[in-house]
Structures are given as C-alpha cells and as structure tokens.
Amino acid sequence: MQIWVDADACPNVIKEVLFRAADRAHVMVTLVANQFIKTPPSPYIRSMQVASGFDVADNEIVKRTEPGDLVITADIPLAAEVLEKGGAAINPRGERYSPATIREKLTMRDFMDTMRSSGIQTGGPSTLNQRDRQQFANELDKWLLMFKQQKC
C-alpha cells in the first residue's frame, strides 16, 4: 500500500505532513503532477512528472492505484474513481471520501459548475486553517495505523 498525491493543487503544508509521515511510517508517498515538484531526500518519497493536459495526472493516479492505497486529492471525480478501485481518498482538509458521500459531492460539484458557467460568482474554498491541517493529520494517522496493522 502506498500514498498517491494529486500534487498540482495540494497545499505545501499538507505535503510537509505527508513527508514526515512517509519517513516515520516507512510508507511510499508519490507526488504526481504535470510540473516538477521538489521532494526532500528520502527512500519513501518520490515525485512523478506527467505530461501537461486535462486530467493527465488524475488518469495516471487512477491507473496506478491499487486496492488499499490512499489518494490525497480535492478532485471529487478522481476520488470517486479511486473509491471504485478499492482505494481510499482524503482531501487536504482532512475529509475522507466514502462511497456513501461521494455521489452527493459529485452532484454538488456539477451544480456549482453549472452556476459558475451561467455567470454566477460562487467564490472559492476558504483558506486552509489550523483545524483543517489537524483534521488531515488525524485522518492520515488513521490510515497509517491500518497500514501498519496490515503490514505486520
């Protein structure tokens, strides 16, 4: 099992949490992006640069995800595909996607896209705060505990 990161939009503070966790738990973390992303030297952290283009990084993550893997993404369609493959997905705010909630989130995403395309200003997400970071770290720790139990 390993962690895949949709790295183009992942906040740096979340990447730092992941880097520390990779070394602490000895779990592979791979950042996937269409640009070069510098990573600290570690046998557990790597970066994968893919070609530019719509959903190229997402498609690569889906292709490589195996059951039990964790994907870090705010992209709801990507999270839905990961869940279909038996993986887990958490957004950078620490919300764990589940089969029970993903359909609702896809519907809301599509609704908001329709609103924006008709010219309505919907605003963006709020700034990542300390509570979001803590919730992310807590959800990551839950997955890492499961990883450790399966490894033993």
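Is Arg-93 buried, exposed or partly exposed? Select Arg-93 and have a look: it is partly exposed, with a relative accessible area of 24%. Keep in mind on this tour that you are looking at a predicted model.

**Stop 1: the partner of Arg-93**

The side chains of Asp-132 and Arg-93 meet in a salt bridge, at 2.8 Å from N to O. Asp-132 belongs to helix H5 and Arg-93 to the loop between S5 and S6, so this pair ties together parts that are 39 residues apart in sequence.

**Stop 2**

Next, zoom in on S1. S1 and S2 run parallel and are joined by 4 bridges; Val-5 stands opposite Leu-31 in S2. S1 also runs parallel to S4, with 3 bridges joining them, and here Ile-3 stands opposite Leu-70 in S4.

Show the side chains of S1 too. In a regular strand, side chains alternate between the two faces of the sheet. In S1, Ile-3 and Val-5 are on one side, Trp-4 and Asp-6 are on the other, and all of them are buried, with both faces of the strand covered.

**Stop 3**

Select residues 12-25, which make up helix H1.

**Stop 4**

Go back to Ile-3 and show what surrounds it. Setting aside residues up to four places away in sequence, Ile-3 touches Leu-18, Val-27, Met-28, Val-29, Thr-30, Leu-70, Ile-72, Leu-140, Trp-143 and Leu-144. Ile-3 is also among the residues with the most contacts inside the largest nonpolar core, together with Val-5, Leu-18, Ile-72 and Leu-140; that core has 27 residues. Elements giving two or more residues to this core include strand S1 (3-6), H1 and helix H5 (130-151).

There is a second, separate core as well, made of 17 residues, among them Val-50, Ile-61, Ala-80 and Val-82.

**Stop 2: a lysine without a salt bridge**

Which side chain of opposite charge is nearest to Lys-15? Select Lys-15 in helix H1 and look for Asp-8: this is the one, and it is 7.5 Å away. Lys-15 is buried yet has no salt bridge; a salt bridge would need the nitrogen and the carboxyl oxygen within 4 Å. Neighbours within four places in sequence aside, Lys-15 is in contact with Ala-7, Cys-10, Leu-31 and Ile-37.

**Stop 3: helix H2**

Move on to residues 56-64, helix H2. Asp-58 sits in this helix and is buried, with a relative accessible area of 9%. Beyond its neighbours within four places in sequence, Asp-58 is in contact with Asp-6, Asp-75 and Leu-78.

Now pick Glu-60 and Lys-63, both in H2 and 3 residues apart, about one turn of the helix. Their side chains meet in a salt bridge (3.7 Å, N to O), and Glu-60, Lys-63 and Arg-64 are linked in a network of salt bridges. Glu-60 counts as buried at 16% relative accessibility, whereas Lys-63 counts as exposed at 58%.

**Stop 7**

How many salt bridges does a search of the whole structure find? It finds 5. One to select is Asp-141 with Arg-24, where the closest N and O atoms are 3.1 Å apart. Asp-141 lies in helix H5 and Arg-24 in helix H1, so the pair ties together parts 117 residues apart in sequence.

Finish with the backbone. His-26, in the loop between H1 and S2, has a positive phi of about 55 degrees although it is not a glycine. Asp-55, in the loop between S3 and H2, has a positive phi of about 65 degrees and is not a glycine either.

How values were computed: Residues numbered from 1 in each chain as written. Predicted model: local features only at pLDDT ≥ 70, side-chain atom pairs only at ≥ 80, totals over all residues. Heavy atoms only, no water. Buried < 20%, exposed > 50% of the residue type's maximum accessible area, 1.4 Å probe, protein only. Lys, Arg positive; Asp, Glu negative; His and termini not counted. Contact = heavy atoms within 4.5 Å. Core = buried A, V, L, I, M, F, W, Y, C linked by side-chain atoms within 4.5 Å. Pairing = 2+ DSSP bridges.
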